[in-house]
Amino acid sequence: IDSADYKKAHAGVAVADRPTGPYRYVSSLRPDGGESRDMTLFKDDDGKAYLVYSSEWNATTHVSLLSDDYTKPIGKVVRIFEGQYREAPALFKRAGLYYLVTSGCTGWYPNRALYATAPKITGPWSEQADLLVGPDAEWTYFGQSTFVLPVAGKRDAFILMLDRWKSTNLRDSLASLRAQEAEAQGQLFADPDQERQWRRDREAMQRRLIAVRLKAAASSGSA
């Protein structure tokens with residue numbers, strides 16, 4: 001929950017008996033007193049749940065332990081990636097190790113996703129090599145991390161879910177999926193129309209990025 005000047009930076013809480021709703025709004029708050037911007041929720045194997053969120057104007061990521069009913073933080077918070085300006089956290093666990101995928105802060109434009117691992121959700125977190133491979137990996141396939149979904153019935157297979165922002169028309173932004181196993185398995189789409197739209201958006205984004213680079217080069221040359 002935010003304000004027009006981006007300063008409110010609260011997390012909203014709503015509850016329902018079913019994932020599909022209807023939801024009842026409960027409250028909004030700053031978790032453990034910190035700003036809450038991009039966020040994700042993670043429920044661990046022991047039933048404890050955590051809110052992972054960009055804070056301090058995105059400069060540092062916070063991890064807050066939630067109450068047993070998952071509606072509020074209980075005062076146990078750690079700060080990770082201090083001063084690194086990461087957002088769009090997506091957290092998952094594999095073979096007892098925690099993985100956190102994040103995005104850089106480049107507005108509505110794509111950047112290369114980074115990931116880190118830790119033996120505990122509270123850290124210490126260690127940055128790792130590139131998570132993604134293949135065409136457009138340096139732009140995270142023109143998407144931004146939002147969630148990592150384990151593939152039911154398939155060991156060590158996960159789907160990285162991405163928000164693909166369309167800066168010229170945010171309401172027309174789409175989601176895309178990227179399968180990740182030992183190696184990338186290719187872009188997945190819900191239907192052919194979505195794939196065609198993705199390819200059109202990709203070409204348009206490439207043209208915009210080239211234009212930005214040319215403008216930057218021209219400015220550097222004139223200086």
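I took buried to mean under 20% relative accessible area. The model I looked at is predicted.

**Entry on the tyrosine pair.** I looked up Tyr99 and found 12% relative accessibility, so Tyr99 counts as buried. Tyr115 comes to 17%, so Tyr115 counts as buried too. I then counted ring pairs, taking rings of Phe, Tyr and Trp as paired if their centres lie within 6.5 Å. The count is seven aromatic pairs. One of them joins Tyr99 and Tyr115, with 6.1 Å centre to centre and 10° between the planes, and this pair is stacked. I noted that the two residues are 16 apart and that the pair links distant parts of the chain, with Tyr99 in strand S8 (residues 97-104) and Tyr115 in strand S9 (residues 114-118). Both tyrosines belong to one aromatic cluster, together with Phe92 and Phe158.

**Entry on Arg37.** Which rings have Arg37 over their face? I found Arg37 over the face of Tyr6, 4.2 Å from the ring centre. Arg37 also lies over the face of Trp57, at 4.2 Å from that ring centre.

**Entry on strand S3.** I followed the side chains along S3 (residues 39-43) and saw that they alternate. Thr40 and Phe42 point to one face and are buried. Next I looked up the pairing: S3 and strand S4 (residues 49-55) are antiparallel, over five bridges. Phe42 has Tyr50 in S4 as its bridge partner. The two strands, S3 and S4, form a hairpin with five residues between them. In the turn I noted Gly47, with a positive phi of about 90°.

Methods: Residues are numbered from 1 along each chain as its sequence is written. This is a predicted model: local features need pLDDT of at least 70, side-chain atom pairs count only at pLDDT 80 or more; totals for chains, interfaces and linings use all residues. Side-chain values use heavy atoms; hydrogens and water are left out. Rings of Phe, Tyr and Trp (its six-membered ring) pair if their centres lie within 6.5 Å; planes under 30 degrees apart count as stacked, over 60 as edge-to-face and the rest as tilted. Helices (H or I, at least four residues) and strands (E, at least two) are DSSP runs, numbered from the N terminus. Buried means under 20% relative accessible area, exposed over 50%, partly exposed in between (1.4 Å probe, protein chains only). A charge sits over a ring if NZ of Lys or CZ of Arg is within 6 Å of the ring centre and within 35 degrees of the ring normal. Two strands pair if DSSP finds at least two bridges between them.
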